Structures are given as C-alpha cells and as structure tokens.
Amino acid sequence: MREQGTGKYRYEIKYVCSDLQMLQMEEKISVILARDPHVGGNGFYTIRSLYFDDYYNSAFYEKEDGNNPREKYRLRYYNNDKSRIHLEIKKKSGAKIQKESSPVTEKEAEAMAEGQWTEIAGSSSRVVQKFFLNGMTRIFRPKIIVEYDRVPYICREGNVRITFDKNIRSSSQVEEFWKEDLATRPVMPSGQHLLEVKFDEFLPDYIYNTLQMEHMVQTAFSKYYLCRKYTI
C-alpha cells in the first residue's frame with residue numbers, strides 16, 4: 001500500500017473567480033503550463049469527498065475561529081471510479097498545507113463511513129491508523145459530501161499546481177456517498193468558482209505575474225466549511 005504526501009508542507013493560495021475571470025485566467029495559464037495528464041477527454045475530472053468530524057464538530061469550529069494548526073479527514077474518489085479511493089488527512093498551518101494520503105479498498109472505506117472500527121484496526125497504513133485512533137477516541141462521523149469539477153495545470157519548477165474548481169456542490173445525505181447520481185446543491189453564488197495555487201518553496205515569477213488580475217482577491221476559502229455552514 002503506497003502512501004503519498006507525507007511530511008511535506010506546501011503553500012496554498014486561493015481566489016474566488018467569476019465566470020469571466022476564470023475563463024480569462026485559464027486561457028492565460030494554458031499557454032504557460034501543461035494540463036495534468038490524468039484529465040480525460042472532457043478536460044476535467046470530478047472529485048467527490050466525504051468529510052469527517054468529531055462529536056464536537058472541531059474541524060468546523062477550528063476553521064471558523066482561525067485556529068492553527070488544524071486537520072481535516074476525508075475519503076475521496078474521482079469520476080465515480082470506486083476502484084481508486086483514498087483516505088486523506090489535510091493539515092493547515094498558516095499559509096501552508098500538508099496532505100497525507102493512503103489508498104484504501106471500497107470495503108475499508110465503507111467501514112470508515114459506518115464507524116466499523118474493528119474492520120480497519122489491523123491496517124498497516126500509518127494514515128489509516130491515525131484515522132482509526134482519532135476516530136475511536138473522538139467519535140468521528142461522516143458529516144458532508146463535497147463535489148466539484150476540477151481543471152488542473154502543473155509545472156515541475158517549484159512543483160506548482162494550479163486548479164480551477166467549478167460547480168462546487170454538496171450533499172448532507174452522507175449515506176449516499178457511493179451513489180452515482182447523487183443529488184447535490186450549489187454552495188456558491190451562480191457564476192462563482194475557485195482558483196487554487198499550490199507550490200513548494202517558491203512560485204516562479206512568470207506564473208505569479210500571470211496570476212495578477214484586477215479585482216481577483218485572495219481568500220481563506222474552505223470548501224468543507226462553506227458546505228457545512230448551512231447544515232450545522
């Protein structure tokens with residue numbers, strides 16, 4: 001079982017964009033960066049995540065209070081492909097993020113979603129073990145489903161990843177996480193989307209300059225927080 005992204009912090013910058021801003025920015029970025037090869041013929045992939053929180057909704061309130069550091073736990077899969085499911089722990093400290101990820105089977109993921117702790121107790125994955133220990137002691141439960149369509153671009157220099165997240169939507173029907181035709185609702189005003197920029201130690205000047213656009217303001221946006229805000 002191969003774990004990814006352990007121990008390394010990256011910078012993360014987010015912008016809320018209008019339809020026009022996103023179209024203009026994507027046209028500019030597509031000239032200087034390559035699109036992620038994992039994208040299919042339609043030019044994007046759909047991400048669906050199931051977020052967990054504890055009995056006190058600590059992840060939600062820590063975001064609301066601006067606490068640092070803080071962690072979120074989620075299950076994630078892409079394009080309704082349940083053969084590739086990952087358990088992820090995302091840790092944020094100031095402007096930096098750290099993501100730890102481990103592949104899990106559909107059976108393991110279902111056990112996590114249903115709180116069947118004995119089913120994952122013997123896992124050799126450090127990420128799963130951390131989820132197990134926190135889940136048992138803090139009474140983790142699935143809280144919200146977040147789904148969106150992502151157009152990603154990458155650059156090896158600085159390990160830069162720029163993503164355009166469109167049609168951000170959610171569902172509080174967590175038991176339907178595996179349902180292909182999940183009923184969701186939009187969580188942002190019509191015509192608004194999210195641009196994310198992630199990089200290691202530096203952001204190359206030519207990318208930074210390309211990202212400068214009038215009226216595009218940096219934001220401390222959290223998909224999880226926004227999706228849960230209307231259900232908690």
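The chain carries 36 positive and 33 negative side chains, with the centres of the two sets 2 Å apart; Lys and Arg are counted as positive and Asp and Glu as negative, without His or the chain ends, and each charge is placed at NZ of Lys, CZ of Arg, CG of Asp or CD of Glu. The model is predicted, with local features requiring pLDDT of at least 70 and side-chain atom pairs pLDDT 80 or more, while totals for chains, interfaces and linings use all residues. Residues are numbered from 1 along each chain as its sequence is written, and side-chain values use heavy atoms, without hydrogens and water.

The chain contains 6 helices and 11 strands (DSSP runs of H or I, at least four residues, and of E, at least two, numbered from the N terminus). Its radius of gyration is 18 Å, close to the 17 Å given by the globule rule for 232 residues, so the chain is as compact as a globular protein of that length (C-alpha atoms; the rule is 2.2 Å times the number of residues to the power 0.38). Of the 232 residues, 50% are buried (under 20% relative accessible area, 1.4 Å probe, protein chains only).

Glu 88 lies in strand β5, residues 81-93. This residue counts as buried, at 3% relative accessibility. The side chains of Glu 88 and Arg 74 form a polar contact of 2.8 Å (a pair of N or O atoms within 3.5 Å; within protein, one must be able to donate a hydrogen and the other to accept it, and residues adjacent in sequence count only if both atoms are side-chain atoms).
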